Amino acid sequence: MSPETYTCGQCHFEFNKGVRVCQGCQGTVIYGATQQETNEAGSFGAIIWAVLIALLLYGLPALLNKYVETHFKIGFGLGFTSLIFLGVAAMFGYFRGMTRAQRAHAGECRTFR
Ligand SMILES: [Zn+2]
């Protein structure tokens, strides 16, 4: 079994998989998504999902009441419990965003200097 090799995107030095620093240019070798990419995608996902659920919980009843003349309570009467839904949605969004970033960069090997 021959070790997997990568070519440095900065200096074209060839190195084996698992190397953390390129011997050619001393750049930091990152496999897959960087911590920053993962965090950013996670935060973005968290915001999107929290906003979506907020719209569903607070916006939807208001809209229905106005246009369909229903009598839903804002937040569907959940009160502070609705905040738990927002929190769970944000966590779900964070996890989803993280997973997406990791998938988007899976198998990539980049060198940062
Ligand atoms: Zn290099």
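Q: What makes a contact a salt bridge, and how many salt bridges does the count come to?
A: A salt bridge is a side-chain nitrogen of Lys or Arg within 4 Å of a carboxyl oxygen of Asp or Glu, and by this rule the count comes to three. The model is predicted, with pLDDT of at least 70 needed for local features and 80 or more for side-chain atom pairs, while totals for chains, interfaces and linings use all residues. Residues are numbered from 1 along each chain as its sequence is written, and side-chain values use heavy atoms, with hydrogens and water left out.

Q: What makes Glu37, Glu108 and Arg110 a network of salt bridges?
A: The side chains of Glu37 and Arg110 meet at 2.9 Å, N to O, and those of Glu108 and Arg110 meet at 3.1 Å, N to O; each pair is a salt bridge, and the three residues are linked in a network.

Q: Why is the arrangement around the zinc ion called tetrahedral?
A: Donors are N, O and S atoms within 2.8 Å of the metal (3.2 Å for Na, K and Ca), and the SG atoms of Cys8, Cys11, Cys22 and Cys25 lie 2.3 Å from the zinc ion. Four donors count as tetrahedral if all angles lie between 85 and 135 degrees; the angles here are 103 to 113 degrees, so the arrangement is tetrahedral.

Key
Four donors count as tetrahedral if all angles lie between 85 and 135 degrees; four count as square planar and six as octahedral if opposite donors are over 155 degrees apart and all others between 65 and 115; anything else is irregular.
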